Amino acid sequence: MSAAREFLLSVLPSQDIEKYDGEGKRIPSVTLTFAQSLDGKIAGSHGRQLTLSGPDSMLMTHWMRAMHDAIVVGIGTAHNDDPQLNVRLIPEADKLHIKSPRPVVLDAYLRLRTDCKLLKNYRDGKGQQPWVFCASDPESASTERLARKSALEAAGAVVYEIPCVSGLLSILGLLRKLHECDIQSVMVEGGASVINTFMKQASQPRGPGEPPVVDTLIVTVAPTIVGDDGLGYTVGVSGDKLSVSDHLVLLGMPTESLYQIPKFTHTRTAMMGRDTIIAGKFI
Ligand SMILES: NC(=O)C1=CN([C@@H]2O[C@H](COP(=O)(O)OP(=O)(O)OC[C@H]3O[C@@H](n4cnc5c(N)ncnc54)[C@H](O)[C@@H]3O)[C@@H](O)[C@H]2O)C=CC1
Ligand SMILES: Nc1nc(O)c(N)c(N[C@@H]2O[C@H](COP(=O)(O)O)[C@@H](O)[C@H]2O)n1
């Protein structure tokens, strides 16, 4: 077995574990993963796509894709990078029993281009059918929106509607729907806003025994510096806000909506070529 596969199998949760959210509804396991520079950037200036991963860690990412049922990106990434999200780097000899994950795009207002590679690959028989998640908000049921939905469906997408708040789709709504559609494991690749949302979701206060929404974090760190105009991600809160939260507790105010810094334990670090891969579990 390759070093990349051995590493991933050692840090990813077993697929036999049944996962439930705080309301007792089944949800898939979630792996949050991305590549960053030493200065914490995931893209260049104005979001220009960068190849941060070297060949070895990029191959590991393709193995990671093969180990998940679905792969999630935001519409920002879909527009900016026009990704394929497949497992094309895995050698043919190893491809017999694996398949590319189901591509899932978070696209509240159905802005995905009908000529994107995800849809083109599906139409050409070279990829799984993309699922596009949009807002179920009745206010957005305009003629224009219905036309975009029809155009995407005609181009090959399956469109699902889920609740949305301020332009952001509900992560629990997404995960519940994915599990209903037989998705047991989800790999979240980005971009910056989606990483931020999943980090926040993973750090929300939980009931006793309730698992974190994100199970595993796997970050590729490339030995390069992008510079201040590169695109970073944020985890959602600063230490200062935590003291505000403490202050509110003192005042007896509800704190359910306040986020904390995601709690995370390191599980393993490995070198893949020139890159460092850091894996951990949310707790
Ligand atoms: N280095 C890496 O591993 C990766 C880098 N990227 C980079 O990230 C950049 C794109 O990042 P962003 O512009 O932030 O776009 P994004 O891919 O995070 O998509 C954000 C958009 O998705 C929609 N959305 C719907 N529901 C959402 C939710 N619950 N949470 C967050 N977004 C939701 C919103 O319209 C939002 O503007 C690109 O420059 C791309 O190259 C993207 C993926 C991986
Ligand atoms: N692992 C990793 N390393 C990088 O350096 C990256 N830029 C990314 N980006 C992600 O991969 C998507 C492109 O996928 P395809 O090559 O088109 O299959 C891109 O959209 C990001 O999600 N990842």
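This is a predicted model: local features need pLDDT of at least 70, side-chain atom pairs count only at pLDDT 80 or more; totals for chains, interfaces and linings use all residues.

**Helix packing and voids**

Helix 1 (residues 3-11) and helix 2 (residues 55-66) have axes that come within 9 Å and cross at roughly 50°. Helices are DSSP runs of H or I with at least four residues, strands are E runs of at least two, and axes are lines fitted to C-alpha atoms over the stretch in contact. In contact (heavy atoms within 4.5 Å) are Ala4, Arg5, Phe7 and Leu8 of helix 1 and Met60, Trp63 and Met64 of helix 2. These residues divide into 6 nonpolar, no polar and 1 charged.

Helix 2 also supplies the largest share of the lining of the largest pocket, 6 residues. This pocket has a volume of about 1100 Å³. Of its 49 lining residues, Thr77, Asp81, Glu189, Gly190 and Gly191 are the closest to its centre. A pocket is an open set of points on a 1 Å grid with protein on both sides within 12 Å along at least five of seven lines, and lining residues have an atom within 4 Å of a point.

A cavity, where a 1.4 Å probe fits but cannot get out, occurs once at 30 Å³ or more. The largest cavity has a volume of about 60 Å³, and its lining includes Gln84, Pro101 and Lys126.

Residues are numbered from 1 along each chain. Local features need pLDDT of at least 70, and side-chain atom pairs count only at pLDDT 80 or more.

Key:
Chains are lettered from A and ligands numbered from 1 in the order in which they are written. Side-chain values use heavy atoms; hydrogens and water are left out. Axes are lines fitted to C-alpha atoms, for helices over the stretch in contact, and angles run from 0 to 180 degrees between N-to-C directions. Ala, Val, Leu, Ile, Met, Phe, Trp, Tyr, Cys and Pro count as nonpolar, Asp, Glu, Lys and Arg as charged, and the others, Gly among them, as polar. Grid points are joined across faces, edges and corners, and a volume is the space filled by probe spheres set on the points.
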